[in-house]
Amino acid sequence: MSDDLEVSALAINVTVPEALRWTDTRRGQEFALTTLNVRLLPDGHLAAKAYGRPVGGGRSGYVSFSVPDRPELAALIADAADRAAGLWAAHRGLG
């Protein structure tokens, strides 16, 4: 049965360690990026988007940002995917 089962999404949220965080600007507002959403694509590759809060405080919509092409962020994403795979593999079922 498991080969016939269609899984439509595999995604994890990862907190970016303080030393790896960065800022980006959208619509004139600066955001501190603190979280990554990592998805496993059907072809086995990973895709990631960054999310955060306005530096100046206040509320803002859920706006995604591209993850910079930095080796340490790529390593964080790969390590998080490996960790999630281990957690999923060790699940104990519902309950």
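The paragraphs below go from the overall fold of this predicted model to its charged side chains.

The protein chain contains one helix and five strands, and when these elements are read along the sequence they follow the pattern β-β-β-β-β-α. The C-alpha atoms of the chain fill a box of roughly 50 × 30 × 25 Å along the principal axes. The radius of gyration of the protein chain is 16 Å, whereas a compact globule of 95 residues would have one near 12 Å.

As for contacts and surface, 43% of the contacts between residues at least 6 apart in sequence join residues that are at least 24 apart. Of the 95 residues in the chain, 22% count as buried, and the accessible surface comes to about 7200 Å², with 52% of that area belonging to carbon and sulfur atoms.

The charged side chains comprise 10 positive and 11 negative ones, and the centres of these two sets lie 11 Å apart. Side chains of opposite charge can pair when their charged atoms come close. In this model the count comes to two salt bridges. One of them joins Glu18 and Arg21, whose closest N and O atoms are 3.3 Å apart; Glu18 is exposed, with a relative accessible area of 63%, while Arg21 counts as partly exposed at 32% relative accessibility. Another salt bridge brings together the side chains of Arg70 and Glu72, with 2.8 Å from N to O. Here Arg70 counts as partly exposed at 22% relative accessibility, and Glu72 is partly exposed with a relative accessible area of 35%.

Key
Residues are numbered from 1 along each chain as its sequence is written. This is a predicted model: local features need pLDDT of at least 70, side-chain atom pairs count only at pLDDT 80 or more; totals for chains, interfaces and linings use all residues. Side-chain values use heavy atoms; hydrogens and water are left out. Helices (H or I, at least four residues) and strands (E, at least two) are DSSP runs, numbered from the N terminus. The radius of gyration is taken over C-alpha atoms; the globule rule is 2.2 Å times the number of residues to the power 0.38. Buried means under 20% relative accessible area, exposed over 50%, partly exposed in between (1.4 Å probe, protein chains only). Contact means heavy atoms within 4.5 Å. Accessible areas come from the Shrake-Rupley method with a 1.4 Å probe; for residues, only the protein chains shown count as cover. Lys and Arg count as positive and Asp and Glu as negative; His and the chain ends are not counted. The place of a charge is taken as NZ of Lys, CZ of Arg, CG of Asp or CD of Glu. A salt bridge is a side-chain nitrogen of Lys or Arg within 4 Å of a carboxyl oxygen of Asp or Glu.
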